[in-house]
Amino acid sequence: MHVFGLIGNPVGHSLSPPMHEAAYEELGMEARYVTFEPDPDSAVDAVKGAAALGVDGLNVTIPFKRDVLAAVDPDDRAARIGAVNTVDLSTSPPRGYNTDAAGVRRALGHHGVTPSGDAVVVGAGGAGRAVAFTLAESCDAVHIANRTAERAASLAADVRDGVPNGGAVTAGGLDTLADRVPEATLLVNATSVGMEKDETPVPADLLHADLAVLDAVYSPVETRLLRDAAAAGATTVDGGWMLLFQGVEAFERWTGRDAPVEIMNGTLRSHL
């Protein structure tokens, strides 16, 4: 029996267990996916304990994505981003990856969107960090807009230092959206705005038909930002796709098998 799991605090809301277990059932695998909720200061001990118990792989969520770096050998992308959300415990030391980055690329690609041109990222937290590093690898320019401009500037500096031959990366407060979004080809909301209330981080009149919009919020699936974007004729990608493909990437790294993407997506959508 293979055991995979998730560490975070809290984890009771996670949709990863049904999504991964649907994949195991579809492929006839003897495997289970379980959740662990260590104390917030116990990330390293949790990884070591899981390895000692024979757990094959872990997903990592808030608040442990940065802390687990001390317990793993991160690949180049995870090291540059400074966060790990997937751990392969079959190696010594465990190997760490950031499949949030892959989730962004594969979610966009599934909708025929190739990151290029000028991109705008709203938010400079954990999700914004993964998105900004990922887009800087292929876009001509990336602008990070955040409620606290200083935090956006700090992330922009990290991206410029961490992405070889990366595009131009700039930063500013939310007031800079008015200048940047009308000229952009790609917009990603990496904040939680739209999750609790029917509100948007980007004014509707800035959106346009030449824009692709990815909203990392997946509950609700259709946010106000995506409704406004669709009304403007933009291509829209909901956060469920990013959640799906980061899980698909983790599954494939752990097992070496192609993930049953449609089965995983169907199960995920039934729980959203």
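This is a predicted model: local features need pLDDT of at least 70, side-chain atom pairs count only at pLDDT 80 or more; totals for chains, interfaces and linings use all residues.
The expected span of a helix is 1.5 Å times one less than its number of residues. Keep that in mind for helix H1 (residues 16-27): with twelve residues, H1 covers 17 Å from first C-alpha to last, close to the 16 Å expected.

- H1 has a buried set made up of Ser16, Pro17, Met19, His20, Ala22, Ala23 and Tyr24.
- An α-helix has 3.6 residues a turn, so residues three or four places apart point the same way.
- For context, most residues other than glycine have a negative phi.

**Strand S10 and its partners**
- Strand S10 (residues 186-189) is covered on both faces.
- On one side of S10 sit Leu186 and Val188, on the other Leu187 and Asn189, and all of them are buried.
- S10 runs parallel to strand S7 (residues 118-122), with four bridges joining the two.
- S10 also runs parallel to strand S11 (residues 212-215), again through four bridges.
- Asn189 shows up in both pairings: Val122 stands opposite Asn189, and in S11 the bridge partner of Asn189 is Asp215.

**How H9 meets H10**
- The axes of H9 and H10 come within 10 Å and cross at roughly 135°.
- That angle makes H9 oblique to H10, because angles over 145 degrees would be needed to count as roughly antiparallel.
- As for handedness, H9 passes H10 in a right-handed crossing.
- From the H9 side, the residues involved are Gly240, Trp241, Leu243, Leu244, Phe245, Gly247 and Val248.
- Across from them in H10 are Val261, Met264, Asn265, Leu268 and Arg269.

**Cis peptide bonds**
- Most peptide bonds are trans.
- The bond from Asn9 to Pro10 is cis, with omega near 10°, and Pro10 lies in the loop between S1 and H1.
- Another cis bond runs from Ser219 to Pro220, with omega near 10°.
- Pro220 belongs to the loop that links S11 and helix H8 (224-231).

Key: Residues are numbered from 1 along each chain as its sequence is written. Side-chain values use heavy atoms; hydrogens and water are left out. Buried means under 20% relative accessible area, exposed over 50%, partly exposed in between (1.4 Å probe, protein chains only). Two strands pair if DSSP finds at least two bridges between them. Axes are lines fitted to C-alpha atoms, for helices over the stretch in contact, and angles run from 0 to 180 degrees between N-to-C directions. Angles under 35 degrees count as roughly parallel, over 145 as roughly antiparallel, 65 to 115 as roughly perpendicular and the rest as oblique. A crossing is left-handed if the near helix is turned anticlockwise from the far one by less than a right angle, and right-handed if clockwise. Contact means heavy atoms within 4.5 Å.
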